[in-house]
Amino acid sequence: AIPLVVAISTTLAAKNGLLIRNRTAFENARKITTLIFDKTGTLTTGIFGVTRMGSFLPSVSENELLGLAAALEQNSEHPIATGIINEAKKLNLDIPTVDGFEAITGKGVSGKVREKKVLIVSPGYLRENQLLIPNKAIGDASETIVFILIDSQLGGFIALADQLRESSAEAIKIVNDQGIKTFMLTGDNKTVAKTVSEKLGMTGFMAEVLPHQKLDKIKEQQQKGEFVAMTGDGVNDAPALAQADIGIAIGSGTDVAAETADIILVNSDPKDVASLIQFGRATYQKMI
Ligand code: ADP
Ligand code: MG
C-alpha cells in the first residue's frame, strides 16, 4: 500500500509541475547530495539565434557559408541546427542538397555538398585535429561557436546564443542553499560552460563532455559517495539520466529523455527541481 503522506505529496507534486514516473525515486529526493544539470535546453531555452558569423576564405561569402551549413543541418535535430536553418530561411538563402550525411556524435555533422566535403564542428574538434582557432572567431564568452570545414580547409564560423531560462538562477540558489552541490554537464565548449555556470552560481562545470562520457561523469560522482540527480532534455542525456540515482527530464525535451527519466518537469521550469527537493524532505519528515 502507498503510505498516505506520500500519496498526498504526489498530488502536491503534480500541482508543482512534477510528473512522477518512479515513486521510489521521488521518495529518495531527500537523499540528493549532488544535482547535475545539462546546459542547452535545460538551464537555457535551447532556442539558438545566430549572433555573428565570418568567412575565412575570400572565395566564399558569408551567405554561401550559411547556405552550406543550413543544407547539412537539415539532417540534424540539434538546437544548433535549428538556429542555423532559421537564419538561412530568414535571409531567403538558396539551400543546396546534401549527400552522405553523417553525425559526428557530440562534435558536429558532415556531408557532401556541391561535390565538396563539408563539416560543421565544435572548437574541440578543431583542437583535436591540430587546427588553430582564428582570433576573428572569438567573441562573447557565452556564445556557442561552430566551424565550417570545406574540403579540410577552415571555411568560416557561425556563433550562436540562446538564453537562460528565467528561473535557472533562482533554482540553483535554492538547491545550493539546501547544501546540495550543483554542476553543469555539457558538450558545449569550456568558455561557455564556465561563463554560464559562474553566472548561475553553480558549484562547478564539466564541459566538452561527449554523450557517452556524460554517464561516466555521473558514475564518478556516485563512486565518491554522492547521491546524484541529473536533469536533462536531450537524447545525449538519456544514458546519464538512467545512471543517475534520480533522472529528471525537462518536459519540452526529447521523448527519449522523458522515457528514461524518473521525474518529468512538465512546465520545463528548472525551479520545479527545487520543489522536488523540498517535497522530498517534507514527505520524509512526515513519515517518521
Ligand atoms: P549539449 O550538451 O550542448 O547538448 P552536444 O553533445 O549535443 O551538446 O554537442 C556538443 C557540441 O557538438 C556542440 O556544442 C557543437 O559544437 C557540436 N555539435 C553537435 N551537433 C551539432 C550540429 N548538428 N551542428 C553543429 N555542431 C554540432
Ligand atoms: Mg541539452
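Mentor: Let us begin with burial: a residue is buried if 20 or more other C-beta atoms lie within 10 Å of its own, exposed if 12 or fewer, and partly exposed in between, with C-beta atoms placed from the backbone. By that rule Thr144 is buried, because 25 other C-beta atoms lie within 10 Å. This is a predicted model, in which local features need pLDDT of at least 70 and side-chain atom pairs count only at pLDDT 80 or more, while totals for chains, interfaces and linings use all residues. Residues are numbered from 1 along each chain as its sequence is written, and chains are lettered from A and ligands numbered from 1 in the order in which they are written.

Trainee: How many helices and strands are there in the chain?

Mentor: Helices (H or I, at least four residues) and strands (E, at least two) are DSSP runs, numbered from the N terminus. The chain has twelve helices and 13 strands. Thr144, for instance, lies in strand β7, which covers residues 144-150.

Trainee: Which residues does Thr144 touch, apart from those up to four places away in sequence?

Mentor: Two residues are in contact if their C-beta atoms, placed from the backbone, lie within 7 Å. On that basis Thr144 touches Phe48, Ile80, Leu160, Ala161, Asp188 and Val192, with residues up to four places away in sequence not counted. As for Thr191, 47 residues from Thr144 along the chain, the two C-alpha atoms are separated by 9.0 Å.

Trainee: What do the contacts and the radius of gyration say about the chain as a whole?

Mentor: The radius of gyration is taken over C-alpha atoms, and the globule rule is 2.2 Å times the number of residues to the power 0.38. For 288 residues a compact globule would have a radius near 19 Å, so the chain's 21 Å agrees with the rule. The C-alpha trace spans about 75 × 30 × 30 Å along its principal axes. Of the 288 residues, 45% count as buried. Of the contacts between residues at least 6 apart in sequence, 60% join residues at least 24 apart.

Trainee: At what angle do helices α4 and α5 pack?

Mentor: Axes are lines fitted to C-alpha atoms, for helices over the stretch in contact, and angles run from 0 to 180 degrees between N-to-C directions. Helix α4 (residues 62-73) packs against helix α5 (residues 79-90) at about 130 degrees, and their axes are 9 Å apart. This makes α4 oblique to α5, since angles under 35 degrees count as roughly parallel, over 145 as roughly antiparallel, 65 to 115 as roughly perpendicular and the rest as oblique.

Trainee: Which residues make that contact?

Mentor: From α4 come Leu66, Gly67, Ala69, Ala70 and Glu73, and from α5 come Ala81, Ile84, Ile85, Glu87 and Ala88. These residues divide into seven nonpolar, one polar and two charged. Here Ala, Val, Leu, Ile, Met, Phe, Trp, Tyr, Cys and Pro count as nonpolar, Asp, Glu, Lys and Arg as charged, and the others, Gly among them, as polar.

Trainee: Is Ile120 buried or exposed?

Mentor: Ile120, in strand β6, counts as buried because it has 29 C-beta neighbours inside 10 Å. Leaving aside neighbours within four places in sequence, Ile120 is in contact with Ala69, Leu72, Gly108, Val109, Val146 and Ile148.

Trainee: How should I read a backbone angle such as the phi of Glu115?

Mentor: Most residues other than glycine have a negative phi. Glu115, although not a glycine, has a positive phi of about 65 degrees. Glu115 lies in the loop between β5 (108-113) and β6 (116-121), and is exposed because 7 other C-beta atoms lie within 10 Å. Ser152, also not a glycine, has a positive phi of about 70 degrees. Ser152 is placed in the loop between β7 and β8 (153-161), and is exposed, with 10 other C-beta atoms within 10 Å.

Trainee: Where does Thr182 lie, and which residues are in contact with Thr182?

Mentor: Thr182 lies in strand β9, residues 181-185, and counts as buried, with 22 C-beta neighbours inside 10 Å. Beyond neighbours within four places in sequence, Thr182 is in contact with Leu35, Phe37, Ile172, Val175, Asn176, Met202 and Thr203.
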